[in-house]
Amino acid sequence: MTETATPASGHGAVRPDRVRRRMPVRRRVPVRTPHQAAQAGGGRLGGPFAALPWALPAFAFVGVLLVYPFLRSVYGSFFEDNGFTSRFTGLDNYARLADDPIFGRSLLNTLMWVAGTLLLPVLAGLLLAVATHRMRFGGIVQLIIVLPFAISSTATAVLWNFMLTSDGTVNQVLRGIGLDGWTQTWLLEWPQNTLSMIVASTWQATGLNVVLFTIGLRAIPRETVEAAALDGASGWRMFRHITLPQLRAVTVVVVGMAIVNSLKAFDMIWILTKGGPSRSSETLALSMYREAFRLFHVGYGSAIALVLTVIVVASSWMYLRRQMPGTDTDSGADTGTVKG
């Protein structure tokens, strides 16, 4: 207890020697391990189930929007369904895929989209990011390159349709400079219609890749670059042995996104050609949409959707398995030594 000093009569001051200060008391804070905390909350919704009420809405959305449609498509692929009546046919829809030339062309176009998306936007994004990284006005150049990415795919398709028609901008420019022999019906013949749309998609997608690769370049430690420069690395050697290995993590993301986006390419193809002429430029996503929602072959469209899902999941899994650390493959190049 602390004694209260009474003031001296006639004076308002308190003598310091009459005041006894309270000494601080050290209190021991109880500490519980996570196991003890889980046992203490066992009477309530605690322990490993404490977060379950918060996760239930997310589980519900995933179940309604992803799991149920997928299972319903798998189930519907075993039926001949026109939207009004259905009849169980087993694996007939999958057998029909093997004999359908339109499905074979769609699969070939999808593979062309995958190859074109990997070669053009990824490679162009990497080269442009490296070229403008230390440029004096590199930020302005990158901004110009990124601007097409801000445009929707629909607007991009409308713009390129204006350019690629038979009397469009591209042919008019070729005629204006005396290259009449180079004019083409860019969207009316296969395979140049598919290749033209891949170029249009590259014009839009390169900007995002430039942004991602630029972020990766800025994350490279300056000490690593300076040490390589002292060892005599410059130009191609610097890029091959220092820059490229350091960009591996970003490259995994960029290539993975390019694979998935190319496999589900739809909107630009639909606006530019609607899969024509004679369904020659369709991809698997477009074939699935036409069969299920235009021709009302719901069972056959579900079979195409399941094949596309298997291709997307399998290709993504195989790619990530080879690229992610901890696999049997080499986890990365040695960036500490510059080879001569």
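**Note on pockets, a cavity and local backbone geometry**

1. The side chains of serine 287 and serine 106 are joined by a polar contact of 2.5 Å, where a polar contact is a pair of N or O atoms within 3.5 Å, and within protein one atom must be able to donate a hydrogen and the other to accept it, while residues adjacent in sequence count only if both atoms are side-chain atoms. Serine 287 belongs to helix 13 and is buried, with a relative accessible area of 2%; buried stands for under 20% relative accessible area, exposed for over 50% and partly exposed for values in between, with a 1.4 Å probe and protein chains only. Helices here are DSSP runs of H or I with at least four residues, numbered from the N terminus.

2. On provenance, this is a predicted model, in which local features need pLDDT of at least 70 and side-chain atom pairs count only at pLDDT 80 or more, whereas totals for chains, interfaces and linings use all residues. Residues are numbered from 1 along each chain as its sequence is written, and side-chain values use heavy atoms, with hydrogens and water left out.

3. The classes take Ala, Val, Leu, Ile, Met, Phe, Trp, Tyr, Cys and Pro as nonpolar, Asp, Glu, Lys and Arg as charged, and the others, Gly among them, as polar. The volume of the largest cavity is about 30 Å³, and a search of the whole structure finds one cavity of 30 Å³ or more. On a 1 Å grid over the protein atoms alone, a cavity is a set of points where a 1.4 Å probe fits but cannot get out, a pocket is an open set with protein on both sides within 12 Å along at least five of seven lines, and lining residues have an atom within 4 Å of a point. Points are joined across faces, edges and corners, and a volume is the space filled by probe spheres set on them.

4. The largest pocket has a volume of about 460 Å³ and a lining of 21 residues, of which Ser153, Ser201, Gln204, Ala205 and Asn261 lie nearest its centre. Two or more lining residues come from each of helix 4 (101-133), helix 8 (192-218), helix 11 (248-263) and helix 12 (267-272), and the lining divides into twelve nonpolar, seven polar and two charged residues.

5. The second largest pocket holds about 340 Å³ of space, and its lining includes Val130, His133, Arg134, Leu217 and Arg218. At least two lining residues come from each of helix 4, helix 8, helix 9 (222-230) and helix 10 (236-246), with helix 10 giving the most, at three residues. This lining comprises six nonpolar, three polar and three charged residues.

6. Helix 4 has 33 residues and spans 47 Å from its first C-alpha to its last, close to the 48 Å expected at 1.5 Å a residue, the expected span being 1.5 Å times one less than the number of residues. At the start of helix 4, a side-chain oxygen of aspartate 100 reaches to within 3.1 Å of the backbone nitrogen of isoleucine 102. A kink of about 30° lies at threonine 117, shortly before proline 121; the bend at a residue is the angle between axes fitted to the seven residues ending there and the seven starting there.

7. Some backbone values deserve a check, given that most residues other than glycine have a negative phi, and most peptide bonds are trans. The bond joining tryptophan 190 and proline 191 is cis, with omega about 10°, and proline 191 sits in the loop between helix 7 (169-176) and helix 8. The bond from glycine 276 to proline 277 is likewise cis, with omega near -5°, and proline 277 is in the loop between helix 12 and helix 13.

8. Serine 278 has a positive phi near 55° and is exposed, with a relative accessible area of 75%. Phenylalanine 296, in the loop between helix 13 and helix 14, has a positive phi of about 60° and is partly exposed, with a relative accessible area of 46%.
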